[in-house]
Amino acid sequence: MSAFSENAQAFIADGPRLAWHDKAIWFVRQKRDTARAAVPEWEELRATASQIKAHTLSRLAGYLEQFEANAIELGAVVHWARDADEHNRIVHEILRERGVKRLVKSKSMLTEECHLNPYLEERGIEVVDTDLGERIVQFRHEPPSHIVMPAIHLKKEEIGDLFHEKLGTPQGLADPKALTEAARQHLREKFLAADAGLTGVNFAIAETGGIVVCTNEGNADLGTSLPPLHIACMGIEKIVPGTRELAVFLRLLARSATGQPITTYTSHFHGPRPAGELHVVIVDRGRSKILGRNEFRASLKCSRCGACLNTCPVYRRSGGHSYGVTVPGPIGSTLAPHADAAKYAGLPFASTLCGSCSDVCPVHVDLHHQLLAWRGELARQGLVPLGKRIVSRVGAFVLARSWLYQIAGKLVRWVVPLLPARLLRANAWGRQRDLPPMPRESFSEIWRKRGRS
Amino acid sequence: MLEVALFVPCYVDQLYPAIAVATVELLERFGVKVHYPERQTCCGQPMANSGFFDDAVPLVRRMADVFAPYEHVVCPSGSCTSMVRNHTEALVPGDDGVLALRKKTFELCEFLHDVVKVRPEGRFPHRVGLHQSCHGLRGLRLGSGSERLVSPSNKVRALIEGLDGLQLLELARPDDCCGFGGTFAVAEEALSCAMGRDRIADHERAGAEVITGTDISCLMHMDGLLRRERKPQRVLHVAELLAEATA
């Protein structure tokens with residue numbers, strides 16, 4: 001059993017929580033459906049976005065260099081990081097040189113991927129995540145369970161208990177409004193005390209050298225307006241050619257993510273603010289490897305909207321933590337094995353290949369085809385359990401010979417009714433499900449008789 | 001006269017022969033002559049979906065060979081049809097026989113709706129929930145699906161909704177997956193059963209007596225849960241429903 005299977009099984013064991021989690025996330029999928037229905041040209045937008053991304057990926061190096069030149073022109077400092085280590089070293093070096101002790105962060109899945117927080121904390125820097133959901137999971141010392149809604153796995157009562165312990169809110173207080181207010185006051189102090197602010201990047205514009213950060217809480221703006229130093233970390237795939245293309249993505253992103261027409265704040269940064277510093281760290285971390293793999297390249301189109309998580313019947317019923325990786329859900333299951341195929345070999349199988357992910361994706365990532373392609377790749381590398389391999393081999397041998405297939409089928413239909421119920425209920429099918437009654441004759445046998453009559 | 005070769009998925013042949021019988025009856029009723037090439041076995045989907053592409057390749061070639069003499073191939077399963085149409089090219093690239101097979105293979109409802117162009121008349125006085133199996137819905141586009149913003153359409157619905165007495169029910173989640181997923185059903189037993197129970201509950205709330213659909217694999221999974229839990233709803237493949245209604 002894969003690590004994912006074990007985690008998912010544990011998640012499902014709590015029936016009421018399972019039902020609640022599925023409903024809470026399905027609600028977001030429905031909000032997305034409603035928001036999308038208000039845009040008659042939705043499918044045209046998706047197709048356009050997908051083509052823009054395909055084009056950009058085909059000239060990625062050129063666009064990145066154009067972005068770099070324009071960002072420098074605007075007064076930013078641009079850094080390049082090959083992997084997570086290099087990224088973390090660069091960020092730490094910038095902070096260390098300026099004597100930064102307190103850093104406020106707005107949401108960045110990339111720095112989660114790179115495990116930047118523990119890296120900086122070990123080196124004596126206080127790191128405060130300022131997105132409410134991120135702050136909640138940071139208090140709990142756990143990773144986000146969703147890329148857009150990091151604390152979606154928690155009920156408001158659990159957050160009430162957490163805030164009682166961490167922020168001294170009254171015991172039993174679970175009113176979301178009051179809890180948010182408590183977090184706001186707490187974070188306000190952190191913003192005021194910070195020496196530097198770090199943000200992710202939703203879009204980097206090659207044509208202008210500017211970056212765009214989308215948030216709902218305005219925390220990116222506070223974190224970059226108060227302290228004099230702004231560090232922005234981005235994966236190489238975040239580039240868009242120009243502002244015209246940006247507009248396409250801004251119409252798709254929030255509608256797909258949360259069902260909002262647009263995020264509350266869409267913050268454009270073009271160079272550092274007066275007397276301030278802006279550093280942009282551009283990170284590869286395995287992305288160029290994916291760029292070189294034909295069947296998986298399209299996954300680099302992903303804008304991390306989370307729509308595929310929300311629609312995924314498996315994600316909704318297993319929870320983000322079951323995946324054991326920073327980006328869960330269908331997109332996570334196709335990205336993770338690039339980093340470590342053996343470790344994440346279970347993830348491409350955490351899917352019924354229902355295809356809903358591919359149909360909600362605002363940039364046409366063929367997610368369920370990628371999961372299938374991964375299964376093939378894992379089998380080729382010998383990373384699928386031997387039992388499965390043997391069953392497949394034997395099955396293929398039998399099915400390649402119609403006489404043998406007919407005998408095997410007859411045998412199964414004859415033997416199964418003779419087996420004691422106890423035995424039929426002692427396997428993965430039978431523990432919770434009955435088998436259908438076994439027919440006496442196969443269709444092939446019926447057809448042969450019909451031919452004689 | 002239209003002539004077709006019947007492609008009966010292996011699990012239908014062995015476990016649900018009545019569905020194949022109903023398919024033959026139905027096609028003949030609409031004036032189609034049915035052939036059944038007896039050498040057929042399986043399209044290779046179980047192996048391919050598990051990642052064992054090499055094991056599936058000979059079965060795909062075999063399919064192309066067995067069905068080579070026929071103009072149309074009709075199959076009472078969206079999933080197996082989707083395997084043939086959408087996944088065999090990657091397994092056996094550039095093969096003329098496989099390409100021909102992909103082009104001429106139809107799911108039963110799709111064939112009745114698009115090629116024979118029938119509007120079945122008959123009587124089926126029951127409250128019916130339609131389970132839209134994913135591979136038929138999204139792989140073959142038998143219906144528009146809830147994700148994309150396209151004009152609503154549904155070939156299966158179009159075939160059954162005109163039957164006298166049939167009350168087609170509206171579901172809260174009309175196309176969420178039932179959790180069968182082939183080997184997923186046993187490899188991820190807990191998830192699979194949780195998904196199946198949620199689907200059943202949706203049909204129950206809508207007041208279904210009968211749950212129908214294009215794929216008995218999904219229906220077998222839901223039926224297994226229904227019977228274990230001694231629930232009154234029954235599953236019925238759409239071929240059987242149509243054959244019974246138009247008899």
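Here are some questions on helix packing and the chain contact in this predicted model.

Q: How do helix 2 and helix 13 of chain B pack: roughly parallel, roughly perpendicular or oblique?
A: Their axes sit 8 Å apart, at an angle of about 50 degrees. Roughly parallel needs an angle under 35 degrees and roughly perpendicular takes 65 to 115, so this pair falls in the rest. That makes helix 2 of chain B, relative to helix 13 of chain B, oblique.

Q: What is the handedness of that crossing of helix 2 and helix 13 of chain B, and how many residues of the contact are nonpolar?
A: The crossing is left-handed. On the helix 2 side, residues including B:Ala18, B:Ile19 and B:Leu26 meet B:Ala239, B:Leu242 and others in helix 13 of chain B. By type, the contact has 2 charged residues, 1 polar and, for the count asked about, 7 nonpolar.

Q: Which helix gives the largest share of the side of chain A that touches chain B?
A: Chain A puts 58 residues into the contact and chain B puts in 57. The chain A side divides into 29 nonpolar, 15 polar and 14 charged. Its largest share, 7 residues, comes from helix 19 of chain A.

Terms used. Residues numbered from 1 in each chain as written. Chains lettered and ligands numbered in written order. Predicted model: local features only at pLDDT ≥ 70, side-chain atom pairs only at ≥ 80, totals over all residues. Axes fitted to C-alpha atoms, helices over the stretch in contact; angles between N-to-C directions. Helix = DSSP H or I, 4+ residues; strand = E, 2+ residues; numbered from the N terminus. Parallel < 35°, antiparallel > 145°, perpendicular 65-115°, else oblique. Left-handed = near helix turned anticlockwise from the far one by under 90°. Contact = placed C-beta atoms within 7 Å. Nonpolar A, V, L, I, M, F, W, Y, C, P; charged D, E, K, R; others polar.
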